[in-house]
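User: I am new to this structure and would like to learn how to read it. Can we go through some features one at a time?

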Amino acid sequence: MKNKITLMACSALLTQTLFIPGHQAAASGFALRETDAISLGNAYVGSVSRAGDASTVLMNPAGMSFLDYSELQGNAFYAGPVARFSGQNYMGPGITTPGVQGNRGITDAATAAGYGVLKIDPHWAIGYGFYTPYGQRANYPSNWVGRYQSLVSSITDYELGIMASYRFNKRFSIGVGPRMGFLTGRFTRDVNLGALNAFGPTTADMAGNAFGFGYDAGILYKPDDATQIGINYQSRISYDLSTRTKFSPPPLLAANRLVNGSLIAQSGHGAMQVTLPDSVSFGITRVLSPRWTIMLQGEWTHWSLLHSLNNISDHPGGASTSIPVNWRNSWFGGIGATYQVSKAVLLRGGFSYDQSPTTFRNRNTITPDTNRFDLAGGVDYTPIKRLTLTLSYAHIFGTNPKINDAASATSGRLIGSYNDYGNIVAFGVRTRF
């Protein structure tokens, strides 16, 4: 037992040291579903009820006590998302902002997640998970027509969960534990200064970070030996961010004391309160035969908690800003299956639908989100008894959302549409001991 605890501690430290991810949202809003390679191969379906690997720490902690062994799991992901804009930014009737239209908007990125479960006895298990449940990277070119709307948008939520699970009998278990999060964000855009734009772009840059705390709670029930039903609740987490706003004028404007002095006065520190949503997921896993298993899953996310992002300056004359959000609550649902080809090879597949919290009325350039469909497949390979390798691929189909947005009174109105889609590859390693 002592050796197992030491191995778990070393794994947790290594995960936090090496797996510091950058990423782009591949779920509704700026949520991330890239939590483990197994779930990706089933189009993010089955994680709340399968209780078959260490990622159940995050998906449903009740599943930890149903595992046969202690386990360590590492996952790496590569995402290639695209949100290509086509349209114009109108400053007035027939007056458009010069610049480029078509560009990817979203950058390729990599991310990772790690989990560990320690089986104490047939009833008790504890575990950890280090992952990024929320994140986004948007990076438009400096000469984009929507540069007065936004340029760089970066949101990352790193979380560490410590969970415990108790199995009452062979049919029923519960799991619960705290989550500790660190949220960091950065937003930039060019400021429209009218005739002064001729001297070059003036960029506004706002960044902030904060710690927050929440919890997970789940149950797992087996009505018979072939069926598992899971329900999991992830609490909301509120963050009180300390922010800093800075204006960067071009050299000729920076040399002007009046202009530069005004921009310096508006710069400085501030505060922003952000609440990341709670969610409820539920699902069923059913073994149909020695080879076939089928999974169904649904999820509700409380996105309507995000009304706006308000940065309040801490001094008179400072730039207080507000980014309207006004999102709706959203649903996710899908079906997945596995086929056991041999003792060493298992195939995965799945299809899911992820509803966006955005609509045409509140879609913006920071999160040009849309409803999406996910089609995925993967393979597990077990070369030796207690080691499994997983390779998965998913394609995300967007629905080409339209946008009609004015970020501020001087930003102009961006009218057009996005071409959204993405490809994700994941690799996972699981070892049981």
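**Reading the features**

Analyst: Let us start with one residue and its surroundings. Beyond its neighbours within four places in sequence, I335 is in contact with N42, V45, I294, M295, L296, G350 and F351. Keep in mind that this is a predicted model.

User: Which strand holds I335?

Analyst: I335 is in strand β15. The C-alpha atoms of I335 and I294 are separated by 7.5 Å. Along the chain, these two residues are 41 residues apart.

User: Is I335 buried, exposed or partly exposed?

Analyst: Buried means under 20% relative accessible area, and exposed means over 50%. I335 has 39%, so it is partly exposed.

User: Which residues form a nonpolar patch on the surface?

Analyst: The patch consists of Y221, I229, I284, L296, I335, F351, F373, L375 and F397. Together they have about 740 Å² of accessible area. A residue needs over 30% relative accessible area to join a patch. I335 has 39%. I229 has 34% and is partly exposed. I229 is placed in strand β8, residues 227–234.

User: Let us turn to charges. How many salt bridges are there?

Analyst: The count is 13 salt bridges. The rule asks for a side-chain nitrogen of Lys or Arg within 4 Å of a carboxyl oxygen of Asp or Glu. Take R50 and D53: their side chains meet in a salt bridge at 2.8 Å, N to O.

User: Are R50 and D53 buried or exposed?

Analyst: R50 has a relative accessible area of 12%, so R50 is buried. D53 is buried too, with 2%.

User: What does the salt bridge of D225 and R171 link?

Analyst: The side chains of D225 and R171 meet at 3.0 Å, N to O. This pair links distant parts of the chain, 54 residues apart. D225 is in the loop between β7 (202–224) and β8. R171 is in the loop between β5 (152–167) and β6 (172–191). D225 is exposed, at 60% relative accessible area. R171 is partly exposed, at 23%.

User: Which residue forms a salt bridge with R348?

Analyst: The partner is D380, and the closest N and O atoms are 2.9 Å apart. This pair also links distant parts of the chain, 32 residues apart. R348 is in strand β16 (residues 345–354), and D380 is in strand β17 (residues 372–384). Both R348 and D380 are buried.

User: Which residues are linked in a network of salt bridges?

Analyst: R33, E299 and D354 are linked in such a network. R147 lies over the face of Y148, at 5.5 Å from the ring centre.

User: Now the rings. How many aromatic pairs are found in the whole structure?

Analyst: The search finds 18 aromatic pairs. In one of them, F30 and W303 are edge-to-face, 5.4 Å centre to centre. Planes over 60 degrees apart count as edge-to-face. The planes of F30 and W303 are 65 degrees apart. The pair links distant parts of the chain, 273 residues apart. F30 is in the loop between α1 (2–18) and α2, and W303 is in the loop between β12 (292–301) and β13 (308–313). F30 and W303 are buried.

User: How is the pair of W303 and W327 arranged?

Analyst: W303 and W327 form an edge-to-face pair, with 5.2 Å centre to centre and 80 degrees between the planes. W327 is in the loop between β14 (321–324) and β15 (330–340), 24 residues from W303. W327 is buried, as is W303. F30, Y134, W303 and W327 form one aromatic cluster.

Methods:
Residues are numbered from 1 along each chain as its sequence is written. This is a predicted model: local features need pLDDT of at least 70, side-chain atom pairs count only at pLDDT 80 or more; totals for chains, interfaces and linings use all residues. Side-chain values use heavy atoms; hydrogens and water are left out. Patches are made of residues with over 30% relative accessible area and no salt bridge: like charges are joined within 9 Å, nonpolar side chains (Val, Leu, Ile, Met, Phe, Trp, Tyr) within 5 Å. Accessible areas come from the Shrake-Rupley method with a 1.4 Å probe; for residues, only the protein chains shown count as cover. Helices (H or I, at least four residues) and strands (E, at least two) are DSSP runs, numbered from the N terminus. Buried means under 20% relative accessible area, exposed over 50%, partly exposed in between (1.4 Å probe, protein chains only). Rings of Phe, Tyr and Trp (its six-membered ring) pair if their centres lie within 6.5 Å; planes under 30 degrees apart count as stacked, over 60 as edge-to-face and the rest as tilted. A charge sits over a ring if NZ of Lys or CZ of Arg is within 6 Å of the ring centre and within 35 degrees of the ring normal. Contact means heavy atoms within 4.5 Å.
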